[in-house]
Amino acid sequence: MDDLLVPYGIGEDAVAGLELGEGWPQRWSASWRTPGADLVCSISELAHVPVQVTRPARRFTWRQNQRHRPGLKFVQATARMHGFESLEERRLLLAVDFTMAGQLQAVLSQPVRLRFFNQRGQRLEHTPDFLVLDASRVGWLVDVRPAALIEGDDRLRFAAASYASAAAGWRYTVVTRWRSEVMTGLDLLSARRRPMADPLGLMEPLRAQLEERPRQLGELVDASRVPAMARSLLLHDLWLRRLAVDLARPLGDASWIYPVGSVLGAGA
């Protein structure tokens, strides 16, 4: 995921606005919604909550004239629909589905309400956009916000979420934008993400060619006895990350395809 994002840095001035005196993880708290009642814990206990039984901390709303675009997106890795509040959040779900194939345990939308204190002793709140859990239950807390929409209060809340994540042993990321061409490439690959069979055995000779050296997508397609089917199977393998491609470049017939583990760019 780090290779697909343009990094966002949380400045020291935002961190300086937080109350981080001795014992702050016990003073800060997290509130989870469950079917029975709200569950409140300290930040120091954040990683021990059975998050799979929780519900979104904030409800999704649909109304006329709203400025954002909410909806539901199917994530293949979890075989479930997941809520999003904007098209940018929808793109994040697509990237998570791609990068964490085979490693994703859960994706929680609007997972938890964090309560923290600033330097003036005021208690503030923040609800991150997503909590992603991998197969080993290591968490990744994510906020999605275009850089142009980030204001001073947002930066303080992002800093608080970063410290809360670190206290829980989780990662934290603010997604402001993607590298050029990444989302165009992922949209194309996701069209071939559903299970596919290879009854004609087209992929075995193509993989053998790639073991010799990286090759361009168009070259591999033309080398197959059924080019149209080979193209679909190659894109399917790229989605499953059985093969590798540089998504920072436009995805097309000129794209270099590599065996997984190769150094990208070696064939160009």
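**Salt bridges and exposure**

Tutor: R249 is partly exposed, at 46% relative accessible area; buried means under 20%, exposed over 50%, and partly exposed in between, with a 1.4 Å probe and protein chains only.

Student: What kind of model is this?
Tutor: This is a predicted model, in which local features need pLDDT of at least 70, side-chain atom pairs count only at pLDDT 80 or more, and totals for chains, interfaces and linings use all residues. Residues are numbered from 1 along each chain as its sequence is written, and side-chain values use heavy atoms, with hydrogens and water left out.

Student: Which side chain meets R249 in a salt bridge?
Tutor: That is D246, at 3.5 Å from N to O; a salt bridge is a side-chain nitrogen of Lys or Arg within 4 Å of a carboxyl oxygen of Asp or Glu. D246 is partly exposed as well, at 27%.

Student: How many salt bridges are there?
Tutor: The count is 15. One of them joins D237 to R207, with the closest N and O atoms 2.7 Å apart. This pair links distant parts of the chain, 30 residues apart: D237 lies in helix α8 (residues 227-239) and R207 in helix α6 (residues 203-212). Helices are DSSP runs of H or I, at least four residues, numbered from the N terminus.

Student: And D237, buried or exposed?
Tutor: D237 counts as buried, because its relative accessibility is 2%. R207 is partly exposed, at 35%.

Student: Which residues form a network?
Tutor: Salt bridges link E212, R213, R215 and E219. Within this group, E212 and R215 meet at 2.7 Å, N to O. E212 is exposed, at 62%, whereas R215 is buried, at 9%.

Key. Helices (H or I, at least four residues) and strands (E, at least two) are DSSP runs, numbered from the N terminus.
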